[in-house]
Amino acid sequence: MPFMRLNRLISKRSPIDEVEPVSLDTAAMPPDHRAYVIGDIHGRNDLLRLLLDRISADMAKKKKVKTDLVFLGDYVDRGQDSRGVIETILKLDLPGVNIVTLKGNHEESMLCFLSEPVKGKRWLHYGGDSTLRSYDVEITPGTATEVNIKTAAKKFKKLIPDTHRQFLKDLDDRYIAGDYFFVHAGIDPGESLDNQAAHDLLWIRDEFLLHDGLYEKVIVHGHSIIPEPEFKQNRIAIDTGAFYSNTLTCLVLEGKDKEIL
């Protein structure tokens with residue numbers, strides 16, 4: 001291991017060294033504050049629309065409180081209607097609801113392709129081709145040449161609405177409410193929440209998933225597919241692989257309650 005990397009690891013301090021840790025058992029939203037949290041959608045606009053109807057119905061039967069609707073990222077790729085997902089979110093009409101849209105690694109890859117198509121061509125191999133198809137751009141990743149890629153990117157730039165491009169650029173990488181830290185992939189366990197690298201928030205897996213220590217907040221995340229939602233003492237995972245499982249998960253947080261809608 002290079003000396004500089006080793007030195008960085010040695011110098012890291014656990015987040016709980018300075019801040020009182022929070023566990024799942026004690027974590028709570030602020031008073032009169034509810035959050036609906038939606039996992040990775042991946043082009044399944046059909047599932048998203050059904051879930052939004054269920055959220056609206058749930059809101060209607062509960063007392064009116066400050067409400068967040070938090071999307072954990074990965075709106076695009078793999079499923080058939082990435083364009084529709086973005087359009088649905090842009091057209092949301094939920095008076096009084098704070099809509100939070102977080103960035104996933106797939107949105108970062110999509111932006112990379114838009115700015116540098118050849119450099120960002122890897123995006124095509126893990127779902128980007130489906131996204132292009134939803135914008136009426138056809139390309140076959142396995143046989144695409146540099147010319148094909150540049151041609152597809154040129155057409156894509158003409159067809160993607162400015163509102164969709166701006167949506168991608170405006171995505172946040174984190175959100176905090178009460179004792180919860182919302183993020184796409186997870187966090188670096190060796191850094192405080194204030195000192196997280198943007199790349200880790202979008203891409204991290206094993207280092208975060210295998211860590212069982214508590215953090216300053218309970219981490220609510222997607223990114224890593226699981227058969228059903230996981231409630232750990234330090235994190236809640238809700239990416240249930242909607243693009244192939246037909247299950248798009250919504251977590252509801254209110255007070256100390258943690259429920260799946």
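Q: How exposed is D32?
A: D32 is partly exposed, at 48% relative accessibility. Here buried means under 20% relative accessible area, exposed over 50%, and partly exposed in between (1.4 Å probe, protein chains only). This is a predicted model: local features need pLDDT of at least 70, side-chain atom pairs count only at pLDDT 80 or more, and totals for chains, interfaces and linings use all residues. Residues are numbered from 1 along each chain as its sequence is written, and side-chain values use heavy atoms, without hydrogens and water.

Q: Which side chain does D32 meet in a salt bridge?
A: K63, at 3.4 Å, N to O. A salt bridge is a side-chain nitrogen of Lys or Arg within 4 Å of a carboxyl oxygen of Asp or Glu. K63 is exposed, at 53%.

Q: How many salt bridges in total?
A: The count is 11.

Q: What does E254 pair with?
A: R34, with the closest N and O atoms 2.7 Å apart. E254 sits in strand β9 and R34 in strand β1, 220 residues apart. Strands are DSSP runs (E, at least two residues), numbered from the N terminus.

Q: Is R34 buried or exposed?
A: Buried, with a relative accessible area of 2%.

Q: New topic. How do β1 and β9 run?
A: Antiparallel, joined by 5 bridges. V37 stands opposite L251 in β9.

Q: What is the strand order in the sheet?
A: β3-β2-β1-β9-β10, an open sheet with mixed pairing. Strands pair if DSSP finds at least two bridges between them.

Methods. Helices (H or I, at least four residues) and strands (E, at least two) are DSSP runs, numbered from the N terminus.
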